[in-house]
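Please keep the sequence and the structure in view while reading.

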Amino acid sequence: MNTSLRWGLGILSLLVLMAILPPPIDPVEQVDPAASLHRPPGTLLHQLELEDGRALLVDRLVVRGRDVEILHRGQIRTLPRASITNLNPDGSTTQSRRFLLGSDRFGRDIWSRMMVGARVSLLIAILAMALASTLGTLIGVIAGTSGPRLDNLLMRGVDAAMAFPSLFLVLGLAAIFQPSTAQVILLLGCTGWMGTARLARGELLSLKDQDFVVASRSLGQRRSIIVLRHMLPNALNPLMVNATLMIGSVILAEASLSFFGLGVQAPTPSWGNMVSEGRTATHLVWWSAFFPGLAIAVTVVAFNLLAEGLRQSLDPRTQSTRSP
Amino acid sequence: MARFLARRIASAFVLLLIVLSVAFFFTRLLPGSPAARSSMTSRLTPEQIEILRSSYGLDRPAVEQYFTWLGNIFFRWDWGPSFSYRQPAAQVLRQALPNTLLLGLATLIIQYALGLVLGVLTAHTAGGRVDNVLRGLSLSVFSIPSFWLATLAIFLFHERWHLLPAGGMASPGSTQVPLGERWLDLFHHLILPASVLGLLGGVMIAQYLRNNLVEVLDQDFIRTARSLGFSKKRILWHHALRNALSPLVQLLGLSLPTLLNGVLVIEVVFGWPGVGQVLFSACSARDYPLILATTAYGAILVIVGSLLSDLLQRFVDPRVRLEASP
């Protein structure tokens, strides 16, 4: 196992852990937003449940006899002890909120939202990649194994699709369809297959005249068998590396789409729409845009490392000096 | 040369035709008419919608609409009306296009200047520490979302340090000042968006150039030059770089869609009034003719750009020029 592969897998397993563990704080619910918005990373707030059903988030609380002194929204106030329902005998509360990476403008925990965002982003990326890879491989195989006429036609189609700056296309389509999360997957999958198609076609064309293919053809094997059993397995390595690389770019595409408000819709958190929300704040609350964006970057780096590692370990001839 | 040019332009034209047709049928195949999906529909009676539909020719068969639309584009450069700007779409884009070209050009200059310097530097010290740092950096730069970097840049350089403006192309009231100051103001506004995008692309170009240079430096003619006693610097800049440059020009054509994607994002984040900004506001307003026109403009930019970079490559690399077929 080489270094790239080890690092890629390491970071990715942490990300998967982040995605499957339950978030410590409800990522959508807003509790006392006026008291908890835009809090810096590491802030600890105590949650007081009042008799009338309201909940207060306070910075500090001190029990003085029958009263409780609290620091709430920057002011010191006193509440009767009996009005608070979740106070322990020793004067601490049963509930508290720690904003590990700060809170956003609705007082929601950024770390918890990032955990749910990891689920959304990884799920979309992997499914969209699977769709794009399948489509691309299918079209590439058809182009690479059929006659020159169909090949030419398909490749001109690929050229046309690639001439579109993909983000223009995706943005335009998203605006027209107003997609749900499932449709975002469909959209990204259906606009990302071209590179794979070119790669698959090239691989198959290079395999077409190799001895083992000629041999099986001369043995009278059916063409579908030759393609599926003999040619495709030999083209699998570059396609796998390509698919892994594609996950990174799909994550970036989804993030851009959500950043523009056309992908995953609020209140469902995704890293892209979190950066977008954080952008409306000022530099004094830098954490609300910084951490979700960092998560995107780290994830894409992880997948790129994984792809690089796969490429190195699958192809023993690779020289490290020629890596892209 | 003329034959190459004619063939290249003809194929670009066919490509453009395919792109336009696909885009057209994509928007027309959707359920419901544009009028029914437009934001003002709730205030209109069915009769009024019918009148609207026929005034835009939307009640005709799709094929007829398609040829009318194509004819208008090719003979009059008429892309239809923009609902949200209340202007012809072509006019909206004519105002936005120079701004996008300016930002794109500035980005390209920064990208290639940065790429050239860093690329030569790292090829010079291939395998060394600078080289390794840059390789790690290029991997992470490749993974940074541009809108995030742009947001952070605005936070730091604009909001915190008040060094550079970050929004639009001109300061308020700048129409009253002399032309020289207005240019300076424009330049100030250009620095931040172009640098963010230039940095992202530049590191990638540096990495690409480095790999090419390392390969070229391994060849026989370099060894000959070295044995003739040329200095290492001279060999690198004169002999190797010229040979490594041709793929770089090719990269220019191939990277245009990526550049345009980047410009689109950066324009929206920085409020730069270009084609990307137009697309974004057209998307928000669901202004279909304008979405269609902007997307097509994007494709045209890419097609024209790659045609130009092909020509440039023939100019830079005599080997390509001498080949019988392009």
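How much area do chain B and chain A bury between them, and what part of it lies on carbon and sulfur atoms?

## Extent of the interface

In this predicted model, about 3900 Å² is buried between chain B and chain A, and carbon and sulfur atoms account for 76% of it. Of the area that chain B buries against chain A, 17% is supplied by Phe147(B), Trp148(B) and Phe155(B), more than by any other three residues. The contact involves 46 residues from chain A and 46 residues from chain B.

## Polar features and composition

Polar contacts between the two chains amount to four residue pairs, both residues being at pLDDT 80 or more.

On the side of chain B that touches chain A, the elements giving two or more residues include α1 (2-28), α7 (146-160) and α13 (288-316) of chain B. The largest share, eight residues, comes from α13(B). By residue class, this side of chain B comprises 29 nonpolar, 10 polar and seven charged residues.

## A sheet in chain A

Chain A contains an open sheet of three strands in the order β2-β1-β6, with antiparallel pairing. Because β2 (55-58) and β6 (95-99) of chain A are at the edges with a single partner strand each, one side of each has no neighbour in the sheet. Neighbouring strands of this sheet are turned against each other by 30° on average, direction ignored.

Strand β1 (residues 43-49) of chain A pairs with β6(A) over five bridges in the antiparallel sense. Gln47(A) has Gln95(A) as its bridge partner in β6(A).

Notes. Residues numbered from 1 in each chain as written. Chains lettered and ligands numbered in written order. Predicted model: local features only at pLDDT ≥ 70, side-chain atom pairs only at ≥ 80, totals over all residues. Heavy atoms only, no water. Contact = heavy atoms within 4.5 Å. Buried area = accessible area lost by both parts, 1.4 Å probe. Polar contact = N/O pair within 3.5 Å; in protein donor to acceptor, adjacent residues only side chain to side chain. Helix = DSSP H or I, 4+ residues; strand = E, 2+ residues; numbered from the N terminus. Nonpolar A, V, L, I, M, F, W, Y, C, P; charged D, E, K, R; others polar. Pairing = 2+ DSSP bridges. Axes fitted to C-alpha atoms, helices over the stretch in contact; angles between N-to-C directions.
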